[in-house]
Amino acid sequence: MLENIVNTASIVLGSLLGMWLKKGIPDRIKDIIMTSMGLSILTLGIKDGINFNNGMLIILFMVVGGIIGELLRIDERLTMLGVYLEKKFSKSDNNDIVKGFVTTSIMFNVGAMAIVGSIKSGLSGNNEILFIKALLDGVSSLIFSSKYGIGVLFSAATVFVYQGSIFLFAFFIKSGLDDAVINQISVVGGLMMIGLGINLLFNKNIKIGNLMPALFIPIIYKVIVSFF
């Protein structure tokens with residue numbers, strides 16, 4: 001779990017530094033940085049999202065995962081948690097803490113690197129991907145926290161729990177995941193990253209959080225198919 005601890009620590013340190021630099025970064029610089037981040041996230045999402053072999057399966061995974069997420073109200077619960085943190089730690093009337101927490105919690109967790117890195121670490125002990133992700137997340141948290149504040153810091157907890165859960169899951173099932181399943185998970189994650197990029201660039205409100213169960217549907221599908 002060392003790689004997960006390093007990733008979490010990088011977000012905490014990046015967030016603290018970003019909050020410290022907040023007043024020293026002009027709004028126009030923050031805005032162009034956020035635009036750059038949105039375009040980058042969108043591009044990375046497209047890169048992963050188009051790398052599929054069976055489009056019908058991907059649609060099935062997204063639809064089933066979205067229904068489950070909607071029934072569980074994941075996006076709403078993430079927002080409610082962000083609202084609670086905002087009320088507890090901020091006296092301002094804006095929703096920057098909520099937006100920062102929700103945006104970075106999703107961004108740090110749904111990318112292919114989080115999934116594939118945690119799986120590889122659990123299956124083979126190869127931590128290279130997660131160490132690279134830790135560097136990227138540290139830089140991203142610095143940028144986001146300079147705009148959104150302390151909400152980004154709390155997203156470190158979601159990363160630790162989420163990636164840690166995938167690591168433990170992969171560790172115990174070992175060879176149960178093949179390359180096809182990993183590819184399907186990466187594609188689903190890429191599509192979610194596209195949605196997140198659209199939210200950042202165009203100020204939309206696509207409920208990406210409700211799509212998070214779709215990341216696990218390929219595994220469930222693999223288990224079901226194996227019985228037939």
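"Buried, in what follows, means under 20% relative accessible area, exposed means over 50%, and partly exposed lies in between, with a 1.4 Å probe and protein chains only. The structure is a predicted model, in which local features need pLDDT of at least 70 and side-chain atom pairs count only at pLDDT 80 or more, while totals for chains, interfaces and linings use all residues. Residues are numbered from 1 along each chain as its sequence is written, and side-chain values use heavy atoms, with hydrogens and water left out.

My topic is the salt bridges, a term that requires a side-chain nitrogen of Lys or Arg within 4 Å of a carboxyl oxygen of Asp or Glu. There are three in the structure.

I begin with Lys133 and Asp137, whose closest N and O atoms are 2.5 Å apart. Both residues belong to helix α7 (residues 128-148), four residues apart, or about one turn of the helix; helices here are DSSP runs of H or I with at least four residues, numbered from the N terminus. Lys133 counts as buried because its relative accessibility is 4%, and Asp137 is likewise buried, at 6%.

Next, Asp178 pairs with Lys222, with 2.9 Å between the closest N and O atoms.

Finally, Arg73 and Glu76 form a salt bridge at 3.4 Å, N to O. Arg73 is partly exposed at 38%, as is Glu76 at 37%."

Key: Helices (H or I, at least four residues) and strands (E, at least two) are DSSP runs, numbered from the N terminus.
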